Amino acid sequence: MVATTTFSVAEALRKEGLSQADYDEIVRRLGRAPNRAELGMFGVMWSEHCCYRNSRPLLRGFPTEGPRILVGPGENAGVVDLGEGQHLAFKIESHNHPSAVEPFQGAATGVGGILRDIFTMGARPIALLNALRFGPLEDERNVGLMEGVVAGIAHYGNCVGVPTVGGEVAFDPSYSGNPLVNAMALGLMETPEIVRSGAEGVGNPVVYVGSTTGRDGMGGASFASAELTAASLDDRPAVQVGDPFLEKGLIEACLEAFKSGDVVAAQDMGAAGLTCSCSEMAAKGGVGVELDLDRVPAREAGMSAYEYLLSESQERMLFVVRAGREEPLMERFRRWGLQAAVVGRVLAEPIVRVLQHGEVAAEVPANALADDTPINHHELINEPPADLLAHWHWREDQLPEASIDGIAIAKGTLGWAAVLEKLLDDPTIASKRWVWRQYDHQVQANTVVPPGGADAAVVRLRPQQGEGSLTAVTRGVAATVDCPNRWVALDPERGAIAAVAEAARNLSCVGAEPLAVTDNLNFPSPDTDRGYWQLALACRGLAEACRALGTPVTGGNVSLYNETRLSDGQMQPIHPTPVVGMVGLVHDLAQVTGLAWCTPGDAIWLLGVPLETICETAANEERLSLAGSSYLECIHGLVTGRPPRTDLELEVRVQAFLRLAIASGLVTSAHDLADGGLAVALAEASIASGLGATVQLPPGEVRLDRLLFSEGGARLLVSVPASRTGPWQAALERAGALADQAWAERLGQVITEPQLTLSRGDQLVLTSALAPLAERYEQALPRRLGARG
Amino acid sequence: MTLGVVVFPGSNCDRDVRWATEGCLGLPTRFLWHEERDLSGLEAIVLPGGFSYGDYLRCGAIARFAPVLEEVKAFAERGGAVLGICNGFQVLTELGLLPGALTRNRHLHFLCEPSRLTVEPGPCRWLRRYSSGETITLPIAHGEGRYQVDPDQLKMLEDQGSIVLRYATNPNGSVGDVAGVTNAAGNVLGLMPHPERACDPATGGVDGRRLLESLLG
């Protein structure tokens, strides 16, 4: 007999974010009306955060299989085979809403949560990355959010001893009040078998380990699935508080426990806490779980069943353990100062049964909660929204005249060097040193490429523990997170394609072979035509590009309703932001290339879409554009146009060639052309090295700003040592890079003097000493963040 | 010649020290769990970086009560070589083996970056392979590395040659640019920079090698 409670159904449904139709379905599945605790369980399990009720049909289009994929979507994290017996677990997850109301703890617990997803699989976390979005730093509130988020990530990652090795940060007014905090973690498997989450073995004990359960983080998953308003600050109790010190012990104790072979299944308690872990473990194992709340270690007295079940207290895990082995297992956890208690057992009957005070507080068929969850059906509009179509009509010839002296703007002519300085001062482009110097990026002693050193982070694959931990290792893993959100806002499909292409390009630039993707879909409400269209087209773009680049999706996270209700009642949606996290394999660490020039005299080459595209088709003309570019926004104040179409075929070819060239020692640096185009990429390679460059732009009719600042996929810079000229030319010829529709051109060379000079014919276009460029680039963030530290 | 590396709950550079000493330099290295008391066979002890006991209350304040540290203290007082890196330095000051205290960085940020240091080896056993006035680069990675000591005591430390490492550019507001301090006998060294992160050319510089190699005699 299940305990009954009296409550207002309408009010409870509103609180749980459920509809009347959901309620009717719950009654149908249970064969009776749910009590309050049961309704709460359905509320969290049927939230977008837990069951993708809006996005699931769209996610089905992703490629998820490949020769290296060991675990795809559905488990705590994806796992890829790195060869030589090494397996890598990785995953990305958002903590946007919590960070909006409590930036420090919101971001910190985002890191804690993603780490648990990794070590729950039996993998030791070896690296963290993050993708962050904030509103403009001219607004003090955004400064406060950024300070808090960065400090929170630093606090958790530094303390837990996992290096934060990379990431990206971008700014746009649409993120004011709704910052994005996506954390990605990588882990190296330490157990021979991947630890799964499906419960097995009727009668096996269910063991709770880690921290105690309290009222913190109540209903976080439902909270994460609604838009933010001024009243959201009142939801601060829905934000959990993290304890990285406890998590550090939990990592060590869990990995010891998994190696003992006594753990049958494991699930971390993240969103939806005990409810989610019990029902997922039961449903995946096709069995039941009985949970006795009186045995759950609690940090406060008098909690109701509802509160126990929905608590999102951090640093907790649930295990199914081989019967008879629970005592030695729990002893391991106590040694690390952690809680450990038998809280239930595996049942043959496939139900989740929750006991409290000798009563059945809740009893729900496991699959009723976790399987065949409801889907919100949305109609996909056939045409892009009218305002976007209007944007797509924008043409470059609408810009003022570009002369050798510069670009005409309202205040007169802005010289090209001044334009470059302004772009380098744009917070989205500028150096993120202010951010990453707060992250311990070296702990674990495997960081080969530190933040800012190359287009992707590179971590050596030397295990921390056991065999191989004390011998030099020459292989590594590279990782990156990318999303050109302005492009996605202007064209979700092209933008999403570009995100995948850029991620793969960044990996290729360090010489890594791209392997697989984890994606974090940060979107506004899918309940509007526009919102759902953005989501659907971005998913289509991700699927297409992942297929073309051979990088399957192994899982990720969906965060919807990222919008803020402004004081005038208007909704402000964020730029749709499908962040692509990608991992790649570095076969030989000795060959890894950074983005900085290496030696004066090295030749600078552009690979990919040529500067002055002579096009046979209109489609090819769209591969490069000022539409949607940083230049257009920073200099002309315009976010408009149809962003370029990434040439995926060329992308694949150029990246393969680059990786081969790096492996053959033909190039000494490689850098992707991204925000700000050629001029910014040249400046970045120069600033990073302290070496200058002289570059000859092709003669012709193309607008100078298009040559300097246009953006588009499949483009990158390399430098080639003079001593390798012969083999380099031969390799280009073999690859067909110099034939018809050439995709390699020599631009100039690296010089000793710290000066960047670009000419066209005999005319000087831009010349600048590196010092002022570096000053702009390095000081852009400190200057706006109060120059602190 | 065996080196002991103390492991507290929350230590996170313990394995990095072992990688540097045993993996890169070939010095046999043994972990010492914080509840252990047996230091037999050890010729030097390293207190590694991290967040011992979560650094609750105050960095190193709880760690000083660990059973292993009673033995380490006695070991140091007998003249044994003891090295405290980062959090280990904080523990040494809490333990009273070194003077002063380490507080939140000026500007309150955690900082992870290379730092240029000037070495004045003085009586310090750990620094005997460096020359006086030599400049080296070691990474720092700390949020609470601002060395504090009163002016008289600073003067006294300077006079006895105990200030063995100073920042070329002070990153955290330490008095007198102090990055590392030794005791009068020179057997105990505490420093905020991480020598173990500068032993492996694959991941950075090698200026920390001679510090750890000094144990080779």
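In this predicted model, T373(A) touches W46(A), C51(A) and R56(A), leaving out residues up to four places away in sequence. The residue is found in the loop between α14 (366-370) and α15 (386-392) of chain A. T373(A) is buried, because its relative accessible area is 7%, under the limit of 20%. With R56(A), the link is also polar: the side chains of T373(A) and R56(A) are joined by a polar contact of 2.8 Å.

A loop residue of chain B was examined in the same way. N170(B) has its place in the loop between β9 (163-167) and β10 (178-182) of chain B. N170(B) is buried, with a relative accessible area of 17%. Its side chain and that of D177(B) are joined by a polar contact of 2.9 Å. A polar atom of the N170(B) side chain also lies 2.9 Å from the backbone nitrogen of G173(B). With neighbours within four places in sequence left aside, N170(B) is in contact with R106(B) and D177(B).

Chain A contains an open sheet of 7 strands. The strand order is β8-β10-β7-β11-β9-β12-β13, and the pairing is mixed. The edges are taken by β8 (263-268) and β13 (359-365) of chain A. Each has a single partner strand, so one side of each is left without a neighbour in the sheet. On average, neighbouring strands of this sheet are turned by 25° against each other, direction ignored. Strands of a sheet pair through backbone hydrogen bonds, in either the parallel or the antiparallel sense. Strand β9 (residues 288-292) and strand β11 (residues 339-347) of chain A are an antiparallel pair, with 4 bridges. Within this pairing, V289(A) has V346(A) in β11(A) as its bridge partner.

Helices pack on this sheet. Helix α11 (residues 273-285) of chain A lies across β7 (205-210), β8, β9, β10 and β12 (351-356) of chain A. Helix α11 of chain A runs at about 30° to β10(A). Helix α13 (residues 326-335) of chain A packs on the sheet as well, where it touches β7, β8, β10 and β11 of chain A. The direction of helix α13 makes about 145° with that of β11(A).

Chain B also has an open sheet, built from 9 strands with mixed pairing. Its order is β2-β1-β3-β4-β11-β10-β9-β6-β7. At the edges stand β2 (29-33) and β7 (135-142) of chain B. Both have a single partner strand, so one side of each is left without a neighbour in the sheet. Neighbouring strands here are turned by 25° against each other on average, direction ignored. Strand β1 (residues 3-7) and strand β3 (residues 44-47) of chain B run parallel and are joined by 3 bridges. V5(B) stands opposite V46(B) in β3(B). Helix α1 (residues 14-24) of chain B lies across β1, β2, β3 and β4 (81-85) of that chain. Its course is at about 160° to β2(B).

Aromatic rings were searched over the whole structure, which gave 11 aromatic pairs over all chains. One of them joins F258(A) and F319(A): the ring centres are 5.5 Å apart and the planes are at 55°, so the pair is tilted. F258(A) lies in helix α10 (residues 244-259) and F319(A) in strand β10 (residues 316-321) of chain A, so the pair ties together parts that are 61 residues apart in sequence.

F657(A) and W728(A) form another tilted aromatic pair, at 5.6 Å centre to centre and 55° between the planes. F657(A) is in helix α23 (residues 648-663) and W728(A) in helix α26 (residues 725-734) of chain A. This pair links distant parts of the chain, 71 residues apart. F657(A) is buried, with a relative accessible area of 6%. W728(A) is buried too, at 1%.

R335(A) lies over the face of W33(B), 4.1 Å from the ring centre. The charged end of R462(A) sits over the ring of W19(B), at 4.0 Å from its centre.

Notes: Residues are numbered from 1 along each chain as its sequence is written. Chains are lettered from A and ligands numbered from 1 in the order in which they are written. This is a predicted model: local features need pLDDT of at least 70, side-chain atom pairs count only at pLDDT 80 or more; totals for chains, interfaces and linings use all residues. Side-chain values use heavy atoms; hydrogens and water are left out. Rings of Phe, Tyr and Trp (its six-membered ring) pair if their centres lie within 6.5 Å; planes under 30 degrees apart count as stacked, over 60 as edge-to-face and the rest as tilted. Helices (H or I, at least four residues) and strands (E, at least two) are DSSP runs, numbered from the N terminus. Buried means under 20% relative accessible area, exposed over 50%, partly exposed in between (1.4 Å probe, protein chains only). A charge sits over a ring if NZ of Lys or CZ of Arg is within 6 Å of the ring centre and within 35 degrees of the ring normal. Two strands pair if DSSP finds at least two bridges between them. Axes are lines fitted to C-alpha atoms, for helices over the stretch in contact, and angles run from 0 to 180 degrees between N-to-C directions. Contact means heavy atoms within 4.5 Å. A polar contact is a pair of N or O atoms within 3.5 Å; within protein, one must be able to donate a hydrogen and the other to accept it, and residues adjacent in sequence count only if both atoms are side-chain atoms.
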